[in-house]
Amino acid sequence: MLNFFKKFFGKRRDAYMGPEHHDWRTMVPQNVSRLPGSDLGRRRVVRSRLPYVLTFLFFILLAVVLWFSIDEATPESKNAPLRFNTDGFLNVGYVQKVLATNPQGTAREVRAIRADLEADNQVLSAQVARRADGSLDINLKERVAVARVALNAPNGGPLVIRLVSPEGLTFSGQNYPEQAIRNLPEILEFRFTGSGDQLNIDGLDIVGEFLLAARTQYPNHYKQWAAVSLRDCFGAQGSTPSSSLHVIIRPGTQPLDRPALNEIVFSTGDWRSELLLLSRLDLEGLLRKPAATAPAYVLKLSIQNRTSSQPIPEPRLVPVTTR
Amino acid sequence: MTPKPLPSIITVIDIGTHKTTSLAGQVVNGQARMIGFSERPTDGVVKGMVTDLEKLQLCVHEVVNDVERTMGRAVDEVYLSLSGPDAEGERVHGYTSVPAHDGKITNKDLKEAIENAKCKEPPSGCVSILYMRQPTMVDGKPVGNPVGMTGQKIEVNFWRVTMKHTGLAMRVGMINSMGIKVHDFVLASHAAACAVVTDADKKGGVLVIDIGAGTTNWILYFKEHILCAGAISVGGEHITNDLSIALRISRETAEDLKVRFGSGVHRDTDANQTIWKDGDRGVGDQQFNRGTITQVTALRFQETLNFIKRDVMERVNAIFKAQNVELDQNFLPSGIIITGGTANLQDATEGVEKVFGLSARVGTPKFENESFRKPQYAGVVGLMTAAIADAPAPKRAPKGFLPWLKSLFRF
């Protein structure tokens with residue numbers, strides 16, 4: 001329709017519209033292709049734009065060099081302002097305490113400060129940068145606590161509580177709220193060597209990973225867990241058929257009108273599939289069956305056949321026996 | 001302190017039948033300083049007509065690439081030469097009556113007359129490319145600048161160059177596909193004249209003949225202005241071809257013999273000379289009679305000049321109509337100037353003088369670089385001269401951080 005009107009009312013190309021109309025610039029509009037199609041054309045374009053690209057890269061490089069030279073090498077005053085940020089529970093007081101351990105304070109090199117901060121197991125990684133005005137920017141990433149361990153103090157004092165990270169490291173858990181610590185499952189019946197951040201618990205790497213998976217993927221189950229016993233966890237020989245993790249269920253989290261589930265036994269070699277199995281099990285239905293006459297049960301999630309290295313996933317409710 | 005003017009970069013491309021040349025110059029104080037040059041044999045053009053656009057495009061692209069590499073920066077826009085019979089020329093005439101009571105001519109009157117001249121419709125399917133100024137007349141008398149003079153009628157004349165729309169679109173499209181804009185066209189004969197003709201020559205009247213390989217372009221200046229221009233599809237290649245047929249030799253050998261022994265005039269004494277193709281008189285070397293070579297070259301050369309003479313006379317007579325104009329010393333006191341590769345032919349000027357009966361000389365372009373002071377480069381050097389005359393005034397250097405940075409990195 002529009003073309004129809006254009007045809008009648010628009011300018012006629014065959015009609016002579018004056019000298020400007022027949023100028024070659026009007027008659028042959030130029031359509032300069034910015035990227036010529038041939039190889040030669042592309043080479044020309046690259047060559048002509050290369051100085052711009054190189055200049056841009058030069059300035060980028062200059063900026064990076066300047067940034068790092070200011071960032072890491074410029075010594076500043078001992079009491080330079082501090083900007084602190086963390087994703088956990090540590091506070092600026094902690095950082096100041098770490099900085100105060102060295103006489104140079106904030107004037108130290110950022111790499112040294114970072115190393116000091118990362119020396120604490122609670123700190124997963126530390127980003128330390130110095131701004132052009134000399135102030136320090138500190139960003140901490142803290143380790144997640146998935147469990148706690150209670151240790152006797154070396155000189156017979158009160159119990160020392162340490163938190164367990166998914167990597168199997170223990171840390172002091174500074175500034176952690178008491179309630180948060182209390183809600184964490186406790187590691188029981190473990191064998192350990194060392195103390196403090198050098199504390200080494202047998203099988204803690206397995207249990208750390210196991211608890212992290214439970215916490216992130218099955219939080220409803222994880223909440224009910226009061227403790228994890230490592231009495232049958234053989235640590236480095238985690239794949240041994242009889243190696244297992246005993247999860248003790250928190251008392252008072254279950255209804256009283258049915259037998260209680262006291263413990264769940266996971267094999268250390270196949271706990272992932274067993275966790276998946278647990279999430280699909282109708283535990284309520286099983287425990288409310290008329291055949292369930294014992295007052296309390298232990299849920300064994302796999303048959304630990306000693307002749308085969310591979311546990312067979314077959315959950316069984318076993319009545320609790322007095323040891 | 002006023003900022004220094006920025007040097008303008010002008011790039012010109014002369015696409016001939018035999019060779020394509022490009023010249024890039026930096027304009028400093030109205031003079032071009034050469035910063036890039038390239039010359040490659042043309043492919044895809046026969047007798048000034050494009051026969052294979054892809055081949056021609058590749059050839060021109062390589063020339064542009066060479067120039068860019070030489071000068072170290074990209075070519076954005078170029079001036080192109082227009083040669084051959086494709087570019088038609090005609091005289092357009094416009095006039096207006098002076099409306100003032102006292103008969104004083106104003107700028108407005110002149111503009112009106114110019115508009116009137118340019119209003120003439122070009123031939124069907126053609127596009128106006130250039131309007132070259134011819135003498136302005138006030139009441140029938142030629143004047144330089146009519147503004148401020150008194151009279152009743154003001155007349156302006158232009159030599160208009162037109163071209164077929166398809167041919168022009170093909171040329172523009174070819175350059176555009178390389179990422180380059182065509183700034184303007186320059187008539188090849190006018191370009192050659194710009195390189196070799198002085199103002200005194202123009203004032204007296206001069207005919208410039210640019211004899212290329214495939215085409216011959218000519219332009220006639222009369223009383224400081226261009227009177228007419230034209231072109232024929234005959235050039236130096238025809239001489240080579242004739243020689244090749246007459247002596248039954250390859251075109252390469254014929255070209256070599258033409259350059260070394262060809263002449264614009266045949267003399268009886270030439271028949272006494274025997275020449276050798278290679279000169280070592282070894283196996284495969286051939287001997288020829290020089291008289292045969294000069295006879296063939298002179299005949300074709302003079303025939304070409306006769307075609308030119310006829311074309312010039314036709315156009316001159318069309319302009320002067322009733323007046324019986326002859327191409328003689330009175331009409332063209334500055335004689336004839338020949339340029340182009342064929343002007344290198346021995347005794348070419350004598351041949352021209354024989355045909356036209358006028359004094360002739362070979363035009364060598366005025367250029368800073370001595371290697372370009374040859375008649376075959378008159379076209380490209382003149383193209384640059386014409387482009388400088390047409391180019392806008394150089395811009396003042398802008399102040400600020402970014403221009404300073406650009407100048408630092410010579411963008």
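Visitor: What does the accessible surface of chain B come to?
Guide: About 19400 Å², with 50% of that belonging to carbon and sulfur atoms. Areas like this come from the Shrake-Rupley method with a 1.4 Å probe. This is a predicted model, where local features need pLDDT of at least 70, side-chain atom pairs count only at pLDDT 80 or more, and totals for chains, interfaces and linings use all residues. Residues are numbered from 1 along each chain as its sequence is written, chains are lettered from A in the order in which they are written, and side-chain values use heavy atoms, without hydrogens and water.

Visitor: How many helices and strands in chain B?
Guide: 11 helices and 18 strands, taken as DSSP runs (H or I, at least four residues; E, at least two).

Visitor: At what angle do α4 and α10 of chain B pack?
Guide: About 85°, with the axes 7 Å apart. α4(B) and α10(B) are therefore roughly perpendicular, a label for 65 to 115 degrees.

Visitor: Which nonpolar patch includes A:Val64?
Guide: One of about 970 Å², whose members include A:Leu57, A:Ile60 and A:Trp67.

Methods. Patches are made of residues with over 30% relative accessible area and no salt bridge: like charges are joined within 9 Å, nonpolar side chains (Val, Leu, Ile, Met, Phe, Trp, Tyr) within 5 Å. A salt bridge is a side-chain nitrogen of Lys or Arg within 4 Å of a carboxyl oxygen of Asp or Glu. Axes are lines fitted to C-alpha atoms, for helices over the stretch in contact, and angles run from 0 to 180 degrees between N-to-C directions. Angles under 35 degrees count as roughly parallel, over 145 as roughly antiparallel, 65 to 115 as roughly perpendicular and the rest as oblique.
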